[in-house]
Amino acid sequence: MLLKEARKRWQEADGNPQESSGTMDSDSQLELEPQEETENALVTHSSDEALYCEADAPSTMEKEKTAWENSETDLETEDDEKLYTTGQRELYLEACKLLGVVPVSYFLRNMEEPYMNLNHHGLGPKGTKAIAIALVSNTSIIKLELEDNYIMGEGVLSLVEMLHENYYLQELNISDNDLGLEGAKIISDFLQRNISSLWKLKLSAINVGLQTLNLSWNHFHIRGAVALCNGLRMNVTLKKLDLSMNGFGNEGAMALSEVLRLSSCLVYLDISGNDIGNEGASKLSRALEYNESLRVLKLFLNPISMDGAVLLIMSIKKNPKSRLEELDISNVLVTEQFTKMLEGVYAVHPQLDVLYKAVQGLAEKKALFLCKNPMKLIQSCDTRVSGFSQSYADTNNITMLDFFKSLNPTGAMEMTVGDFRKALLQQNKVRLNHCQIRDLVKRLQQKAGTVNFSFFK
């Protein structure tokens with residue numbers, strides 16, 4: 001691993017600089033194993049827009065040092081500092097030799113400076129790896145610029161491994177580096193683990209190809225949300241975004257509403273648990289009046305009242321091109337007046353399902369009746385024939401499978417959840433409410449967004 005080799009070479013340089021150019025066992029000792037592929041698909045594009053992931057800078061950068069650092073990197077005297085820097089230079093030169101790359105003289109001259117600008121140096125993956133090896137134990141550089149160096153996924157992996165050990169680097173720019181699918185996966189995993197001292201990361205040219213991004217539970221608050229939204233504003237491929245449990249509040253919701261208003265590709269957005277109130281709901285509702293792509297919006301665990309809920313559903317009603325299929329506000333207690341308004345929304349958008357907590361003052365028996373088992377209703381909904389109750393299927397001499405397949409114009413075994421809801425509400429064979437349709441969706445949904453009728457075979 002990078003840290004092991006860096007420590008070994010630094011110690012050799014510290015103890016005997018003249019002999020520090022000894023050979024390693026093989027290049028494989030410096031090679032990094034690529035991470036396994038995930039299911040997140042990316043499309044290669046280019047963009048001038050930049051994606052920032054930013055959080056409040058820590059007030060101090062003090063870290064608990066290992067015994068090796070305490071004993072080997074004492075920088076209290078000028079002589080020790082020179083020896084330390086000499087060891088790092090020897091380490092970098094040795095890494096360049098083993099990797100077959102030309103050392104960057106600017107890097108060698110400025111290893112003690114807090115700002116390192118290596119933009120447009122043509123480093124490539126191996127040159128980046130040599131830099132990363134030297135930076136494992138560097139305590140001077142706090143801002144590193146590596147834009148336009150064609151570092152690719154291999155170079156990103158070297159940098160991420162270095163960041164696991166370097167406690168001093170705070171800002172990193174790896175824009176325009178052809179990171180591709182592999183690099184995006186590595187960055188995504190790194191952001192989710194959140195184990196370095198890094199607080200600013202610039203990634204332009206990666207956000208454009210990204211289709212799924214999960215940044216839940218990262219606690220980046222307002223500044224992080226605003227910076228992220230600035231980067232996503234012109235995104236043309238992101239389909240699924242999970243920003244739940246980050247506490248960015250109404251200000252973050254305002255920034256996100258602009259992304260939502262402009263997006264033509266986002267279909268799933270989870271912003272649950274973000275301290276969004278009615279003010280934030282109002283901003284989001286204005287964006288929903290124009291959005292034509294979003295299908296799922298999760299706002300669970302936000303302090304939104306029924307007033308905020310009304311703004312949301314009425315904005316959907318105002319948008320005849322809305323494709324929203326699920327609005328989750330399941331912690332909001334509503335009134336029967338709200339449900340009547342919702343029926344009006346359903347009339348315009350029968351594919352929609354709004355999840356709320358409960359209806360105030362609704363009798364328990366009535367609530368149970370509204371959620372009566374839909375399967376039993378389908379099986380015994382028809383009128384009595386010769387004094388005997390018969391099911392709809394028996395009366396019409398069809399099976400349950402035939403009934404559900406008849407809902408699909410193509411007669412196929414699968415259909416989208418939105419189309420399924422719409423067909424059930426519009427058919428006149430069996431009267432079902434949204435609660436019962438929701439139950440059917442849970443029974444028949446085998447993968448997100450799709451129901452399958454093979455259950456009845």
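Modeller: A search of the whole structure finds twelve salt bridges. Keep in mind that this is a predicted model.

Colleague: Okay. Which residue does the side chain of Lys298 meet at 2.8 Å?

Modeller: Glu326. The two side chains form a salt bridge, with 2.8 Å from N to O.

Colleague: Is Lys298 buried or exposed?

Modeller: Buried. Its relative accessible area is 18%, and the cut-off for buried is under 20%. Glu326 is buried too, with a relative accessible area of 18%.

Colleague: And what links Lys298 with Asp328?

Modeller: Another salt bridge joins these side chains, at 3.9 Å from N to O. Lys298 lies in strand E9 and Asp328 in strand E10, so this pair ties together parts that are 30 residues apart in sequence. Lys298 and Asp328 are both buried.

Colleague: Now Arg438. Which side chain does it meet in a salt bridge?

Modeller: That of Asp353, at 2.8 Å from N to O. Arg438 belongs to helix H18 and Asp353 to strand E11, so the pair ties together parts that are 85 residues apart in sequence.

Colleague: How accessible are Arg438 and Asp353?

Modeller: Arg438 has 23% relative accessibility and counts as partly exposed. Asp353 is buried, with a relative accessible area of 1%. Elsewhere, salt bridges with shared partners join Lys143, Glu145 and Glu171 into one network.

Colleague: Let's switch to sheets. What holds strands together in general?

Modeller: Strands of a sheet pair through backbone hydrogen bonds, and the pairing is either parallel or antiparallel.

Colleague: So what is the strand order in the sheet of six?

Modeller: The order is E6-E7-E8-E9-E10-E11. This sheet is open, and the pairing is parallel. At its edges are strand E6 (212-214) and strand E11 (353-359), and each of them pairs on one side only. On average, neighbouring strands are turned by 10° against each other, direction ignored.

Colleague: Give me one pairing inside it. How many bridges join E7 and E8?

Modeller: Three. Strand E7 (residues 240-242) and strand E8 (residues 268-270) pair in the parallel sense. Lys240 has Tyr268 in E8 as its bridge partner.

Colleague: What about the sheet of three strands: which order does it have?

Modeller: E14-E16-E15, again an open sheet, with antiparallel pairing. Strand E14 (414-416) and strand E15 (445-447) are at the edges. Each has a single partner strand, so one side of each is left without a neighbour in the sheet. The twist from one strand to the next averages 40°.

Colleague: How many bridges between E14 and E16?

Modeller: Three bridges, in the antiparallel sense, with strand E16 covering residues 450-452. Glu414 has Asn452 in E16 as its bridge partner.

Colleague: Which strands does helix H17 lie across?

Modeller: E14, E15 and E16. Helix H17 covers residues 417-426 and runs at about 90° to E14. Helix H18 (residues 434-444) packs on the sheet as well, touching E15 and E16. The direction of H18 makes about 45° with that of E15.

Colleague: Then what is between H17 and H18? Where does Gln427 lie?

Modeller: Gln427 lies in the loop between H17 and H18. At 13% relative accessibility, Gln427 counts as buried. Leaving aside neighbours within four places in sequence, Gln427 is in contact with Phe403 and Leu407.

Colleague: And how far is Gln427 from Ser406?

Modeller: They are 21 residues apart in sequence, and 9.9 Å apart in space, C-alpha to C-alpha.

Colleague: Last topic: helix pairs. At what angle do H10 and H11 cross?

Modeller: Roughly 0°. The axes of helix H10 (residues 278-288) and helix H11 (residues 306-318) come within 8 Å. That angle makes H10 roughly parallel to H11.

Colleague: Which residues meet there?

Modeller: From H10, the list is Asn278, Ala281, Ser282, Leu284, Ser285 and Leu288. From H11, it is Asp307, Gly308, Leu311, Leu312, Ser315 and Ile316.

Colleague: How do the residues of that contact divide?

Modeller: In the contact of H10 with H11, six are nonpolar, five are polar and one is charged.

How values were computed:
Residues numbered from 1 in each chain as written. Predicted model: local features only at pLDDT ≥ 70, side-chain atom pairs only at ≥ 80, totals over all residues. Heavy atoms only, no water. Axes fitted to C-alpha atoms, helices over the stretch in contact; angles between N-to-C directions. Helix = DSSP H or I, 4+ residues; strand = E, 2+ residues; numbered from the N terminus. Parallel < 35°, antiparallel > 145°, perpendicular 65-115°, else oblique. Contact = heavy atoms within 4.5 Å. Nonpolar A, V, L, I, M, F, W, Y, C, P; charged D, E, K, R; others polar. Pairing = 2+ DSSP bridges. Salt bridge = Lys/Arg side-chain N within 4 Å of Asp/Glu carboxyl O. Buried < 20%, exposed > 50% of the residue type's maximum accessible area, 1.4 Å probe, protein only.
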